[in-house]
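Please open the model in your viewer and keep the selection tool at hand.

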Amino acid sequence: MSIRPLVILPDTRLRQLSDPVVRVDARVRAIVEDMFETMYDAPGIGLAAIQVGVPERIVTVDVGPREAQAEGRDEEEAAREKHPIALINPEIIASSEEMSVYSEGCLSIPEYYADVERPASVRVRYMDLNGETQEIDADGLLATCVQHEIDHLNGVLFIDHISKLKRDRVITKFTKLARKERDGV
């Protein structure tokens with residue numbers, strides 16, 4: 001396992017449509033292991049493969065530690081509340097009419113958060129690490145996280161769900177930061 005470098009806005013790979021995984025094998029399982037290690041190290045609650053430069057339809061999520069923190073458990077106890085889920089070729093097959101708003105952030109857009117409205121619950125079909133088709137019903141933070149990560153697989157960022165003015169400001173900020181880093185300023 002290894003921590004992979006994150007793809008950061010304005011990198012155009014974040015707008016790339018990810019390819020379906022043809023079969024779950026040792027290579028895919030190794031990518032998933034690296035994704036979990038990268039996600040936990042960041043720290044984050046979700047990661048799409050494209051965020052580590054792999055244009056395949058793979059998502060990792062674990063909202064357990066974040067939910068434990070929200071419930072007021074101490075940091076050490078929250079860290080033990082891991083419930084990792086790997087979703088291969090995930091697709092939303094049903095979503096509620098009820099909507100919810102969460103303040104979202106993204107490992108590929110560091111230190112920027114915005115309120116995003118999404119369906120409050122979703123049903124997702126995916127393959128597990130054994131290549132078996134599964135379905136999961138998600139609500140609350142898990143539903144938001146899964147939708148956010150599936151958006152990544154389709155080249156959509158959470159900032160695409162906010163006003164054009166705010167989105168343009170964020171893109172401009174990260175483009176300037178990338179230029180400064182590239183030019184060594």
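Predicted model: local features only at pLDDT ≥ 70, side-chain atom pairs only at ≥ 80, totals over all residues.

Residues are numbered from 1 along each chain as its sequence is written, and side-chain values use heavy atoms, with hydrogens and water left out.

**The whole chain**

Along the sequence the pattern reads α-β-β-α-α-β-β-β-β-β-α-α. The radius of gyration is 16 Å, close to the 16 Å that the globule rule gives for 185 residues, so the chain is as compact as a globular protein of that length; the radius is taken over C-alpha atoms, and the rule is 2.2 Å times the number of residues to the power 0.38. A box of roughly 45 × 35 × 35 Å, taken along the principal axes, holds the C-alpha atoms.

If you colour by accessibility, buried residues make up 44% of the 185 residues, where buried means under 20% relative accessible area, exposed over 50%, and partly exposed in between (1.4 Å probe, protein chains only). Of the contacts (heavy atoms within 4.5 Å) with a separation of 6 or more, 67% are between residues 24 or more positions apart.

**The strands**

Select residues 99–106, which form strand E4, together with E5: the two pair in the antiparallel sense over 7 bridges, pairing being assigned if DSSP finds at least two bridges between two strands. A hairpin joins E4 to E5 through 2 residues, and Tyr-102 stands opposite Val-116 in E5.

Next select residues 85–95 (E3) and 121–127 (E6), which run antiparallel and are joined by 5 bridges; here Ile-92 stands opposite Val-124 in E6. E6 also pairs with E7, residues 133–139, in the antiparallel sense over 7 bridges, and the bridge partner of Tyr-126 in E7 is Gln-134. In the E6–E7 hairpin, 5 residues lie between the strands, and Gly-131 in the turn has a positive phi of about 80°.

**Helix H4**

Select residues 140–153, helix H4, and then His-152 within it. Is His-152 buried or exposed? At 1% relative accessibility, His-152 counts as buried, and the helix around it is mostly covered, with 13 of its 14 residues buried. Showing side chains around His-152, and leaving aside neighbours within four places in sequence, you will find it in contact with Leu-14, Gln-16, Ala-48, Ile-50, Gln-51, Cys-106 and Leu-157. After H4 comes Gly-155, whose phi is positive, near 75°.

**Helix H5**

Move to residues 164–183, helix H5, whose buried residues are Arg-167, Val-170 and Phe-174. Seen down the axis of H5, these buried residues fall within an arc of 65°, so they line one face of the helix; the arc is that of the directions from the helix axis to the C-beta atoms. An α-helix has 3.6 residues a turn, so residues three or four places apart point the same way. The buried residues of H5 pack against strand E5 (109–119), whereas on the other side of the helix Lys-164, Leu-165 and Arg-169 are exposed. H5 is followed by Gly-184, which has a positive phi near 70°.

**Backbone features**

Most residues other than glycine have a negative phi, and most peptide bonds are trans. With that in mind, select Leu-9 and Pro-10, which are joined by a cis peptide bond with omega about 15°; Pro-10 is found in the segment before H1. Another cis peptide bond joins Ala-42 and Pro-43, with omega about -10°, and Pro-43 is found in the loop between H1 and E1.

In that loop, between helix H1 (26–41) and strand E1 (46–48), select Gly-44, which counts as buried at 14% relative accessibility. Leaving aside neighbours within four places in sequence, Gly-44 is in contact with Met-39 and Leu-107.

Glu-111 is exposed, with a relative accessible area of 73%.

Methods: Helix = DSSP H or I, 4+ residues; strand = E, 2+ residues; numbered from the N terminus.
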